[in-house]
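The sequence and the model are shown first.

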Amino acid sequence: MGRHRKQPATTVRRSSLIALTGLVPAGLVAVTAATTEATPTTTAAVEHDLLPGAEPEAVSNLVAAPQAEIAHAEARQSPSATPVVKTVALSGDRVSADMPAGPLGIPGIAVAAYQTAEEQLAVENPHCGMSWSLLAGIGRVESTHAYGKADAQGNPIKAVYGPVLDGSLSGNNVIHDSDGGELDGLGGYDRAIGPMQFLPETWHRYAADGNADGIADPQNLFDAALTAGRYLCDGGLNMRDLSQQSKAILRYNNSMAYVANVMAWSGSYSSGLAPKPQDLPRIH
């Protein structure tokens, strides 16, 4: 396993440093992140058809799909202990979930996914103290919550992928294929997948079934949110402690600017107040 991005020297404006020191305890800049990582930093994730060249599920399955509220209720059931890890091919004529938006316009189906993950993690790992707003902060920075386009079951209307990690992008590490293209649809090299942007190898390690359908699909918001929570909580970290929370977020991207962005959005989703520009330093 390797990182998407080589670790550059951190360059943040003075105003951003003030914001950072207000969010992150001093001395954490030297914290060493875990060896797995979930996201690239130089290029935003992009949408693609789900899955290119794959056969969609039977139309009858889509017609019989429950409404968003029912899907949320079902997702509260205990997740499968040993889910099948795969990306499910879906019809291209699906529509976005019809649910009221949450704080700052966050899609309702994304809120449902993050809150369900919070509830599940409170049962399986109460020490971690994971909040839905922290997961929302990750989701906002990684893919703007699947670009606000997910169906009533939490499946993005268009699959979300990061850039191909073949060394063509300056600053990004080369990550050779780890899953035969099973999850990211590519051979030769890997790319991050889904709304929470996991590398295939990392997804296989932490994959969770957040909507109790027996499948751990990195493209599904419910599965991705729960998996991200497990990833952040791993190693006994406690999200109530800012230093440990920062250490966990650095696993995603070894950048203090990234930590500041995630924490700023997390706080904003909790308060309903939009983050200030100085709270969102540029992520290099």
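In this predicted model, the largest nonpolar core holds 53 residues, and the members that touch the most others are Tyr114, Met130 and Tyr252. Two or more residues each are given to this core by helix 4 (108-124), helix 5 (132-147), strand 3 (159-161), helix 6 (200-206), helix 7 (221-233), helix 8 (242-250) and helix 9 (256-271). Helix 7 provides the largest share, namely nine residues.

The surroundings of Met130 can be listed residue by residue. Beyond its neighbours within four places in sequence, Met130 is in contact with Glu118, Leu121, Leu135, Gly229, Leu232, Cys233 and Met239.

**Chain as a whole**

The chain contains nine helices and four strands, and their order along the sequence is α-β-α-α-β-α-α-β-α-β-α-α-α. Among contacts with a separation of 6 or more, 72% join residues 24 or more positions apart. Of the 284 residues in the chain, 50% are buried. The accessible surface amounts to about 12100 Å², and carbon and sulfur atoms account for 53% of that area.

Apart from residues up to four places away in sequence, Gly154 touches Ile109, Gln219, Asn220, Leu221 and Phe222. One of these, Ile109, is 45 residues away along the chain, yet the two C-alpha atoms are separated by 6.2 Å.

A polar atom of the Asn261 side chain lies 2.8 Å from the backbone oxygen of Ala257. When neighbours within four places in sequence are set aside, the contacts of Asn261 are Val141, Asp279, Leu280, Pro281 and Ile283.

The relative accessibilities of the two sites are tabulated below.

Which residues does Asn261 contact, leaving aside its neighbours within four places in sequence? The set comprises Val141 together with Asp279, Leu280, Pro281 and Ile283.

Methods:
Residues are numbered from 1 along each chain as its sequence is written. This is a predicted model: local features need pLDDT of at least 70, side-chain atom pairs count only at pLDDT 80 or more; totals for chains, interfaces and linings use all residues. Side-chain values use heavy atoms; hydrogens and water are left out. A nonpolar core is a set of buried Ala, Val, Leu, Ile, Met, Phe, Trp, Tyr and Cys residues joined through side-chain atoms within 4.5 Å. Buried means under 20% relative accessible area, exposed over 50%, partly exposed in between (1.4 Å probe, protein chains only). Contact means heavy atoms within 4.5 Å. Accessible areas come from the Shrake-Rupley method with a 1.4 Å probe; for residues, only the protein chains shown count as cover. A polar contact is a pair of N or O atoms within 3.5 Å; within protein, one must be able to donate a hydrogen and the other to accept it, and residues adjacent in sequence count only if both atoms are side-chain atoms.
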